[in-house]
Amino acid sequence: MNKVAIVGTGQTKFSKDERDVEKLLFESASNCIQSVNNYDSNDIDGVLVSTNNNSKYLGAILSETLGIRPKISHSIEHLCSSGTNAIISAYAYISSGLSDMVLVSGVESATNPGQVLEWDRSRGNLEHPIYWGSMLTKSHKRKFQTTEEELAIVSAKNHKHAMDNPFAYSNEPRTISEVMNSKQITDDLRILDCSRSCSGSSSILLASEEKAKIFSDQPIEITGIGQKTTSASFTKNILGEIESTRIAADLAYKMAKIEAKQIDVAEVHDAFSVCELMAISELGLTSNEKSGEFVRDLFNTENRMINPRGGLIGAGHPLGATGISQTIEITNQLQGKSDKRQISNAKIGLIHNMSAAGTSSSIMVLKN
Amino acid sequence: MTFFEDQLKEGVFQICYCKNCNDTIWPPKEICHKCHNRTDWKKSTNLGKIMEFSKRESTYFGLIEIDDGIRVLGDILSSSIPEIGQSVRMSVSFNSKPHYSFLVENN
Ligand SMILES: [Zn+2]
């Protein structure tokens with residue numbers, strides 16, 4: 001199997017405005033192409049687009065717009081983790097030798113059909129994610145004595161990190177008390193505990209190890225991948241757990257030959273505040289009981305180890321682009337290019353992206 | 001409209017199961033996920049227990065477990081704060097999407 005590295009990255013600013021997906025895709029892909037050395041459109045032999053948008057044939061449209069005639073081109077949809085799923089597909093094409101260099105572009109418009117899973121009849125008319133988000137939050141409080149303040153710290157921390165992320169949809173600071181006093185959506189969710197759907201696009205270029213040096217002075221290798229889908233319906237979940245994340249993390253650590261404690265920096269899928277607490281526990285960085293304390297410590301010591309770009313809550317959540325933006329952040333961290341967000345001496349980074357109340361999780365380990 | 005949805009419209013919650021495997025299929029599907037034979041239907045007892053709950057505006061909602069371990073999200077009708085494990089009785093309807101609601105017994 002060929003080793004696979006990230007050689008280029010590009011993003012658009014996330015925004016709450018409705019935007020044309022074709023234009024957004026071109027913008028991030030163009031930024032991505034400009035980030036590599038010795039670019040030649042003939043070198044790209046794969047173009048994958050991740051999105052929940054209903055637009056047709058986006059892989060071919062993006063290819064034509066960029067003047068690329070790839071061997072492999074198609075779209076990928078897997079709700080909120082479409083982005084990492086597309087990167088993992090590109091990894092498979094390159095490692096198998098079917099492709100040498102693949103462009104992966106994710107995109108979403110603010111009003112997209114990926115926010116509601118109509119198929120899941122077990123949700124009844126309570127199909128919006130706030131209902132399962134409330135169930136996870138309430139059960140976390142009940143089982144692990146998690147406090148309202150600990151949940152608010154997740155959001156305050158991620159909003160603070162997003163202030164230094166030029167691509168985030170909001171750069172407004174939010175204090176713990178602002179989060180705690182923000183509008184109650186349900187008894188267990190405040191508006192500032194929720195990630196918001198938005199418009200945006202992000203792109204990444206992957207190449208075989210052999211070719212990577214041509215295009216980048218600092219290629220970042222993907223050393224571990226773990227994916228697990230446990231079901232499609234929320235109500236199959238065991239409350240208080242994200243089983244798919246636990247299994248995917250184990251697979252990724254084994255492939256990368258690392259342990260959780262070796263991770264220097266991670267982007268985790270904070271769809272709601274409670275999801276960050278659950279994710280860091282299932283990833284083995286702490287326990288459920290201590291997850292609130294763990295995040296409080298990070299906040300108090302201004303340690304940006306978890307969600308340095310602001311996570312989904314701080315940066316916004318353009319579904320098809322989210323996993324790619326998470327991967328770009330970890331890539332930049334390992335290249336030492338994260339400016340104010342930089343974690344010093346970061347060597348191993350992790351991306352955690354999930355779908356539909358954690359019924360599916362994708363995890364990648366990157367190394368510089 | 002599927003049979004399941006048609007029946008919800010009539011106020012009946014049909015449980016989808018496989019006779020061969022003696023297994024419940026939820027959410028309902030025409031084929032069994034194990035043996036791939038056609039599934040059958042039986043009426044729910046409409047009795048369940050509260051697994052977790054919260055409140056939106058003045059309405060409680062929650063995760064309820066009914067017959068054979070089937071879990072659904074729905075509104076909880078209760079004059080006082082619900083409790084985990086509390087017994088509830090389900091009523092259902094269908095109006096472009098399913099609607100499940102649960103009345104706390106001895107309310
Ligand atoms: Zn069967």
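**The domain interface in chain A**

Let me start at the boundary. Across the interface of domain 1 and domain 2 of chain A, 18 residue pairs are in polar contact, both residues at pLDDT 80 or more. A polar contact here is a pair of N or O atoms within 3.5 Å; within protein, one must be able to donate a hydrogen and the other to accept it, and residues adjacent in sequence count only if both atoms are side-chain atoms. Salt bridges across this interface: zero. That rule asks for a side-chain nitrogen of Lys or Arg within 4 Å of a carboxyl oxygen of Asp or Glu.

A word on the model. It is predicted: local features need pLDDT of at least 70, side-chain atom pairs count only at pLDDT 80 or more, and totals for chains, interfaces and linings use all residues. Residues are numbered from 1 along each chain as its sequence is written.

Now the domains. Domain 1 of chain A is 4-113 + 198-221, and domain 2 is 122-196 + 223-367. These bounds come from an automatic or database domain assignment. The C-alpha centres of the two domains lie 23 Å apart.

How much area is buried between them? About 3200 Å², with carbon and sulfur atoms giving 62%. Buried area is the accessible area (1.4 Å probe) that two parts lose on being put together, summed over both.

Next, contacts, meaning heavy atoms within 4.5 Å. Here 40 residues of domain 1 of chain A meet 41 residues of domain 2 of chain A. On the domain 1 side, A:Gln11, A:Phe14 and A:Cys80 lose the most area to domain 2, together 20% of what that side buries.

Definitions and conventions: Chains lettered and ligands numbered in written order. Heavy atoms only, no water.
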